[in-house]
Amino acid sequence: ASASLPASGLFVPANGSTGNAGSGGGAGGGGGSGVGGTCCTCSCTPQFGFGGVGGSGGAGGAGGAGGYGGGGAFGIYASGGNGTITDCSINPGTAGGGGAGATGRPGAGGSAGQGGKNSGGGCNNTTGGAGGSGGTGGIGGTGQQGAAGIRQTIVAINGAAISGSASTVPADGTVTVNWDRGCRLSQIDLTKSTTNDWGTFINTDPIFVKNLTSATTSFAANQNTVSIYYPASSALGDKSISTSSVTLANFIKLYGDRLISPVPTGSLPIIAPIAPPCPATNLSVSLDASFNSTMQGNITAWDWTYAQVSPTNNSGSPTTINASANPVGTPAIVTPPSGGWVAGATYQVKLRMKENCCGWSIPVYTTFTIPSAPATPTINTPATPGTVCANTSKTYTINTVAGATSYNWTVSGGVFDANGLTTISGSALSQIVDWGGTGSGTVTAQAVNSCGQTSGTVTWTVTKLSTPIVNLSGVPVSICTGNSVTISSGVASGTSPYGYAWSGGPISGSATGTSINTTTLTSSQTYTLLVTDVNGCTGTQNGTVTVTQTPTATISYSGTPFCKSVATAQSVTLSGTGAYTGGSYGASPAGLIINSSTGAITPSTSTAGTYTVTYTIPASGGCAAVPVTTTVTITAVPTATISYSGTPYCTAV
């Protein structure tokens, strides 16, 4: 509605009429008579004076003033001009009651009476005493109560012309707001009585409060009571609210920002990251923001709640977390819900903060997931259990298990290569097993998480097959350089047929038979035979051929020929290559005295002549004995005879 108003402003109702004054009080009582005077002489009888008359009573008090009139109450007050009232439901307030009248005051007391006169006689001193003062006047009557104020829905004065009704309920209902001076990022509650939907303006500016999760809300346009907020990007100032039928212009004033923003700033979150608790432990939740004393003092309430959000079929109702405690500097301790944490379930923590100026913030959220027992490991290699060759090693590998921090391994029928034991734990996804003899065996793996929860086990069941045992004949052997050998094989155990593969030194002919012939060798060689049976089990054996270089030697006797007169033994000079030492000496023809071990000869005891001395290098390393020779001559001691034919001779000759 509208109406022209005088320039002086709004009308102020006058007070009610003043109550009449109360009537005066009654007069006070008269004063008492004075005592008569006496006079006495020796020559007369005594004379008495009369007492004075008492004073008049005081006048009654004035009546109390009447009470003030009550204030008026008006729904619409128009002074001059004209206007139309449309769809308004006005209910003026109650008019003020008249004020109570004041109580009258008491009247003043009467004056004192005069003294009595002489009664006559011969004495001059017989005057009576003065009369008493008059009594106090009565209390005045109470004033009348003021008149009640005026109560009217519409008042039009000074020629105002108002049309329409002030008692019609608006067709679009009523809309109320709990926080008509709001802040950005703060919760504002709206309520409407109409069945019309809220306008499409509630989408980006403002936005329905995400009261379920950080991305979802329970509020919708067809609900009568909703919670909205204006984002940080929203311009400050007056905001209009609309339904599908009307727009309420400038209904909310957005005047500022919160002292503490409920959303993260930069890399600083509001709720500190939560380490997921193990099923049997409590949980500590705290803020990760820095609040100064001014900020903390402005917070009037905290609202922490948490609820299971996944799996949704066991979410239950949100549970309040330490709602009355101030968590700044002191983490809130969250105890497990009834029945304990649900392994594998995700819980959501929700926080709202209430400030003096801006009310409740929009909520912020974080989640944590309770660890569950890790999944059973899956096999990587070998892909299937199957068989294994006895007395061999094999690697077993599993795939990574999400959430696992370590793995437990066990083996039967063998040991782990890493520690020689049948159990091992650690982060490794692979283990080498050293299998024992024939029979059966198993390998198991189990995942373990940080809470000590274990998974099921994955198992390899194996049959240990016998492996070929290889024997070689013809080796080890030593041969002299330039010779060759034949190496043969025999196989026990394993399952035939077998495959043969020779390797190592040079081979003459096939390298895949049960035996081989070497080429002529000039250096030592090691030959290896790998035998593979029909199951793929293998056996190996090595054989060594040592090649010896053919030795050489020379012998000589310095000083030959020797005279038979030489009595001392004469040594031989021996030199050579290879294994040439350790041989024996001999001489031919007979007659030379020689030491067979050292080769020394004794000329004096030998028969004069020329001899062939032979040194035989002993056979060794596959090489045959090798003889070497030299010649030695023993010369007989010379003898002579002299004679003269014709002796005696004549002196004349």
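## Cysteines, salt bridges and surface in a predicted model

Cysteine 563 counts as partly exposed, because its relative accessibility is 27%. The structure that holds this residue is a predicted model.

### Overall make-up

The protein contains one helix and 43 strands. It has 653 residues, and 34% of them count as buried. Among the contacts with a separation of 6 or more, 66% are between residues 24 or more positions apart. The accessible surface amounts to about 33,200 Å², and carbon and sulfur atoms account for 52% of that area.

### Disulfides

A disulfide is a covalent bond between the sulfur atoms of two cysteines. How many disulfides does the model contain? The count is four. Three of these links are described here, with their S to S distances in the table.

| Cysteine pair | S to S distance |
|---|---|
| cysteine 278 and cysteine 451 | 2.0 Å |
| cysteine 389 and cysteine 537 | 2.0 Å |
| cysteine 480 and cysteine 623 | 1.8 Å |

Cysteine 278 and cysteine 451 are joined in a disulfide. The two residues come from distant parts of the chain, 173 residues apart. Cysteine 278 sits in the loop between strand 13 (247-256) and strand 14 (283-285), while cysteine 451 sits in the loop between strand 28 (439-449) and strand 29 (454-465). The disulfide of cysteine 278 and cysteine 451 is left-handed because the torsion about its S-S bond is about -90°. Are these two cysteines buried or partly exposed? Cysteine 278 has 24% relative accessibility and therefore counts as partly exposed. Cysteine 451, at 22% relative accessibility, also counts as partly exposed. The cut-off matters here, because buried means under 20% relative accessible area.

Another disulfide joins cysteine 389 to cysteine 537. Cysteine 389 belongs to strand 22 (residues 387-389) and cysteine 537 to the loop between strand 36 (525-532) and strand 37 (538-548), so this pair ties together parts 148 residues apart in sequence. The torsion about the S-S bond of cysteine 389 and cysteine 537 is about -95°, so this disulfide is left-handed. Cysteine 389 and cysteine 537 are both buried.

Cysteine 480 and cysteine 623 form a further disulfide. Cysteine 480 is found in strand 31 (residues 477-480), and cysteine 623 in the loop between strand 42 (609-617) and strand 43 (626-635), so the pair ties together parts that are 143 residues apart in sequence. Which hand does the link of cysteine 480 and cysteine 623 have? With 90° about the S-S bond, the link is right-handed. Cysteine 480 counts as buried because its relative accessibility is 6%. Cysteine 623 counts as buried too, at 5% relative accessibility.

Cysteine 357, by contrast, is in no disulfide. The cysteine sulfur nearest to that of cysteine 357 belongs to cysteine 358 and is 5.9 Å away. Cysteine 357 has a relative accessible area of 45%, so it is partly exposed.

### Salt bridges

Side chains of opposite charge can pair when their charged atoms come close.

Aspartate 238 pairs with lysine 253, with 3.8 Å between the closest N and O atoms. The bridge links distant parts of the chain, 15 residues apart: aspartate 238 in strand 12 (residues 237-242) and lysine 253 in strand 13. At 44% relative accessibility aspartate 238 counts as partly exposed, and at 38% lysine 253 counts as partly exposed.

Glutamate 355 and arginine 258 meet in a salt bridge, at 3.8 Å from N to O. Glutamate 355 lies in strand 18 (residues 346-355) and arginine 258 in the loop between strand 13 and strand 14, 97 residues apart. Glutamate 355 is buried, because its relative accessible area is 3%. Arginine 258 counts as buried at 9% relative accessibility.

Aspartate 303 and arginine 352 also form a salt bridge, with an N to O distance of 3.1 Å. Aspartate 303 is part of strand 15 and arginine 352 of strand 18, so this pair ties together parts that are 49 residues apart in sequence. Both aspartate 303 and arginine 352 are buried.

Glutamine 308 is in strand 15 (residues 299-310). Its relative accessibility is 6%, so glutamine 308 counts as buried. A polar atom of the glutamine 308 side chain lies 3.3 Å from the backbone oxygen of proline 311.

### A nonpolar surface patch

Ile642, Tyr644, Tyr649 and Val653 make a nonpolar surface patch of about 570 Å². Tyrosine 649 lies in the segment after strand 43. It counts as partly exposed, because its relative accessibility is 46%.

Technical notes: Residues are numbered from 1 along each chain as its sequence is written. This is a predicted model: local features need pLDDT of at least 70, side-chain atom pairs count only at pLDDT 80 or more; totals for chains, interfaces and linings use all residues. Side-chain values use heavy atoms; hydrogens and water are left out. Helices (H or I, at least four residues) and strands (E, at least two) are DSSP runs, numbered from the N terminus. Buried means under 20% relative accessible area, exposed over 50%, partly exposed in between (1.4 Å probe, protein chains only). A polar contact is a pair of N or O atoms within 3.5 Å; within protein, one must be able to donate a hydrogen and the other to accept it, and residues adjacent in sequence count only if both atoms are side-chain atoms. A disulfide is a pair of cysteine sulfur atoms within 2.5 Å. Contact means heavy atoms within 4.5 Å. Accessible areas come from the Shrake-Rupley method with a 1.4 Å probe; for residues, only the protein chains shown count as cover. Patches are made of residues with over 30% relative accessible area and no salt bridge: like charges are joined within 9 Å, nonpolar side chains (Val, Leu, Ile, Met, Phe, Trp, Tyr) within 5 Å. A salt bridge is a side-chain nitrogen of Lys or Arg within 4 Å of a carboxyl oxygen of Asp or Glu.
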